[in-house]
Amino acid sequence: MLIKKPEDIPSYEITPESQFINRRQFVKSVGIVSAGMFSPLASGYTVPEVNEPLTPENIVTGYNNFYEFGTEKMDPSEHAHRLTTAPWQVKVSGEAEMTGEFDLEDVIKGLTVEERIYRFRCVEAWSMVVPWMGIPLKDILARFKPNSNARYVEFTTLYRPSEMPGQKALFSSIDWPYVEGLRIDEAMHPLTIIAVGVYGRKLPNQNGSPWRLIVPWKYGFKGIKSIVSIRFTRRQPVNTWKLIAPSEYGFYANVNPAVDHPRWSQASERRLPSTLFSPNRRPTLPFNGYAEQVASLYDGMDLARQY
Ligand SMILES: Nc1nc2c(c(=O)[nH]1)N[C@H]1C(S)=C(S)[C@@H](COP(=O)(O)O)O[C@H]1N2
Ligand SMILES: [Mo]
């Protein structure tokens with residue numbers, strides 16, 4: 001569905017009837033989904049199934065990386081309630097026909113939210129399996145009508161130190177706001193989503209409310225949270241972690257067991273929950289298990305150099 005003018009984008013509401021398409025009882029049980037929504041995905045794309053247990057909800061929403069709220073895993077769930085997420089404005093700029101300031105609810109109104117169960121692999125070598133509720137990013141980007149110069153998309157997180165204590169920490173080595181980017185073909189790939197929920201509910205602040213990027217075949221740091229800007233560019237965006245440590249973190253950040261981080265191996269991962277006595281360690285899969293779907297995007301590239 002293409003929108004001709006910003007004001008023609010209808011307004012967004014999560015209603016039991018219209019928004020969530022689910023295939024699993026546990027999501028229904030939290031009360032968002034009405035019966036009768038058992039149906040193929042709206043996108044018509046067959047999402048590869050993850051036949052591995054879900055990571056418990058309290059870990060997904062309690063063990064987080066969101067440095068705007070502190071660098072400890074418990075900091076985001078402790079502090080992110082301070083963030084005001086409504087109303088939420090998004091600035092769209094660069095190589096597209098429809099640019100400007102939009103209300104988030106107008107941007108996503110009318111699009112279908114799908115449940116997507118994905119492996120989630122952090123560059124720190126832990127992983128989860130997460131039932132996101134998401135909208136294919138391509139459906140969102142199409143509304144802005146990117147032109148043929150749009151070779152990349154850059155995303156920026158909210159900058160609001162009054163509500164994000166990590167942004168004013170003096171010791172912080174991060175040049176806020178957090179920035180990430182994708183090549184346009186990665187952004188348009190049907191596996192790439194914008195998550196607006198998890199475990200059948202709206203996204204908690206600590207997971208990047210009201211919307212955040214999820215690219216399941218890439219390391220977690222590509223999944224930028226609480227996005228306020230989308231910019232279509234000719235040039236490759238400079239992403240935050242690459243800017244901080246270019247020898248450790250690249251632009252592509254494809255999950256790759258064959259390319260180690262300079263300070264640790266990427267050959268395996270701790271699947272959460274993981275304890276000293278039950279580490280739950282498992283081999284890391286190329287492209288996080290999504291090679292069949294995405295490896296061809298990188299044909300001819302040297303993935304050891306373009307990490
Ligand atoms: N704005 C912002 N986005 C971010 C981060 C961050 O610190 N700030 N951390 C990234 C990292 S390193 C990971 S692993 C994931 C964690 O997502 P989760 O807390 O929902 O599991 O968010 C990513 N997105
Ligand atoms: Mo991460």
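**Loops, pocket and cavity**

Mentor: Asn280 lies in the loop between strand E12 (268-271) and strand E13 (281-283); helices (H or I, at least four residues) and strands (E, at least two) are DSSP runs, numbered from the N terminus. This is a predicted model, in which local features need pLDDT of at least 70 and side-chain atom pairs count only at pLDDT 80 or more, while totals for chains, interfaces and linings use all residues. Residues are numbered from 1 along each chain as its sequence is written, chains are lettered from A and ligands numbered from 1 in the order in which they are written, and side-chain values use heavy atoms, with hydrogens and water left out.

Asn280 has a phi near 55 degrees, a positive value in a residue other than glycine. Two further loops contain a cis peptide bond. Ala86 and Pro87 are joined by one, with omega about -5 degrees, and Pro87 is in the loop between helix H3 (75-79) and strand E2 (89-94). Ser209 to Pro210 is also cis, with omega near 0 degrees; the loop that holds Pro210 runs between strand E9 (201-202) and strand E10 (212-214).

We now turn to the ligand. Ligand 1 sits in the largest pocket, where "sits" requires more than half of its atoms to lie within 2 Å of the grid points. On a 1 Å grid over the protein atoms alone, a pocket is an open set with protein on both sides within 12 Å along at least five of seven lines, a cavity is a set of points where a 1.4 Å probe fits but cannot get out, and lining residues have an atom within 4 Å of a point.

The volume of the largest pocket is about 460 Å³ (the space filled by probe spheres set on the points, which are joined across faces, edges and corners). Of its 29 lining residues, Asn65, Phe66, Tyr178, Gly220 and Phe221 are the closest to the centre. Strand E5 (residues 126-136) gives the largest share of this lining, four residues. By class, the lining has 19 nonpolar, six polar and four charged residues (Ala, Val, Leu, Ile, Met, Phe, Trp, Tyr, Cys and Pro count as nonpolar, Asp, Glu, Lys and Arg as charged, and the others, Gly among them, as polar).

Around ligand 1 there are 17 residues, of which Asn64, Tyr67, Glu68, Gly223 and Lys225 come nearest (a heavy atom within 4 Å makes a residue near). This shell divides into eight nonpolar, six polar and three charged residues. The side chain of Glu68 has an N or O atom 2.8 Å from a nitrogen atom of ligand 1. For the side chain of Asn207, such an atom is 2.9 Å from an oxygen atom of the ligand, and for that of Arg212 the distance to a ligand oxygen atom is 2.9 Å.

Finally, a search of the whole structure finds one cavity of 30 Å³ or more. The largest cavity has a volume of about 40 Å³, and its lining includes Arg119, Phe120, Arg121, Leu213 and Gly223. Strand E4 (113-121) and E10 are the elements that give two or more residues to this lining; the largest share, three residues, comes from E4. The cavity lining divides into six nonpolar, two polar and three charged residues.

Methods:
Polar contact = N/O pair within 3.5 Å; in protein donor to acceptor, adjacent residues only side chain to side chain.
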